[in-house]
Amino acid sequence: MIGILVLITGTTLILLYPPEGRAFWTEFVPLFASSATLSAIPMRWFEAALLFSIGCTMAAVLIFAIWLTWRHSRSRPMPPHLLLKVTRVQAPELAGVVEYDSLRFSAMRVEECSDDWKQQLSQVTTDENGRFTLPHVSDDLVHCVRVSLHGAKTVHLYVELSADARPLLVRLKPARYLGAR
């Protein structure tokens, strides 16, 4: 009877344990040993304690599952592309003007990126009047455009191409501290 109870405890823990199994020896094995011992001790005294031992085992498994879920969800940082503030705009083409604090000048970087903002598809810099034209890379109706300048807040845009839209005007704002992106 004790062997069956230990097998049930181990099987339950394995089913609830996350697939990564990074901390198998430091988390799973001690919990299994303590819950199996806890469920086996009352069996020596009398058989009515079987319900008590199963209840203790289930409570330990539930507490462990809650703790493990909380611990693993807390330790994973949010992917950076999900933390971005992205603005949706419409423009007739992937061309426009960039202003920094109502000034227009050259060397402001304009990039077209992949949907997750990790891969750069094309890049240009603005001319002396702040104008830019991105090359035609894809036939998508919505393009991910990133505009940046050292010392300014980087702007992320979803640019939807629409023939009747106004020309694109991007305004950069000063960063709160030097070197911010």
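The following dialogue covers aromatic pairs, accessibility and strand pairing in a predicted model.

Student: What are the ground rules?

Tutor: The model is predicted, so local features need pLDDT of at least 70 and side-chain atom pairs count only at pLDDT 80 or more, while totals for chains, interfaces and linings use all residues. Residues are numbered from 1 along each chain as its sequence is written, and side-chain values use heavy atoms, with hydrogens and water left out.

Student: How many aromatic pairs does a search of the whole structure find?

Tutor: The search finds 2. Rings of Phe, Tyr and Trp (its six-membered ring) pair if their centres lie within 6.5 Å; planes under 30 degrees apart count as stacked, over 60 as edge-to-face and the rest as tilted.

Student: Why is the pair of Y100 and F105 called edge-to-face?

Tutor: The ring centres of Y100 and F105 are 6.3 Å apart and the planes stand at 85°, so the pair is edge-to-face.

Student: Why is the pair of W117 and Y158 called tilted?

Tutor: Its centres are 5.9 Å apart and its planes are at 40°, so the pair is tilted.

Student: What makes this pair a tie between parts that are apart in sequence?

Tutor: W117 lies in the loop between β3 and β4 (120–125), and Y158 in strand β7 (residues 155–161), so the pair ties together parts 41 residues apart in sequence. Strands here are DSSP runs (E, at least two residues), numbered from the N terminus.

Student: Are W117 and Y100 buried or exposed?

Tutor: Buried means under 20% relative accessible area, exposed over 50%, and partly exposed in between, with a 1.4 Å probe and protein chains only. W117 has 6% relative accessibility and therefore counts as buried; Y100, at 18%, also counts as buried.

Student: Why does Y158 count as partly exposed?

Tutor: Y158 has 22% relative accessibility, so the residue counts as partly exposed. F105, at 31%, counts as partly exposed too.

Student: What makes D101 exposed?

Tutor: D101 has 51% relative accessibility, so this residue counts as exposed. D101 is found in the loop between β2 (95–100) and β3 (109–113), and its phi is near 55°, a positive value in a residue other than glycine. S102 lies in the loop between β2 and β3 and has a positive phi near 65°; at 62% relative accessibility, S102 counts as exposed.

Student: Which strands pair with β7, and in what sense?

Tutor: Two strands pair if DSSP finds at least two bridges between them. Strand β1 (residues 86–91) pairs with β7 in the parallel sense over 6 bridges, and strand β6 (residues 142–148) pairs with β7 in the antiparallel sense over 6 bridges. Y158 in β7 stands opposite C144.

Key. Helix = DSSP H or I, 4+ residues; strand = E, 2+ residues; numbered from the N terminus.
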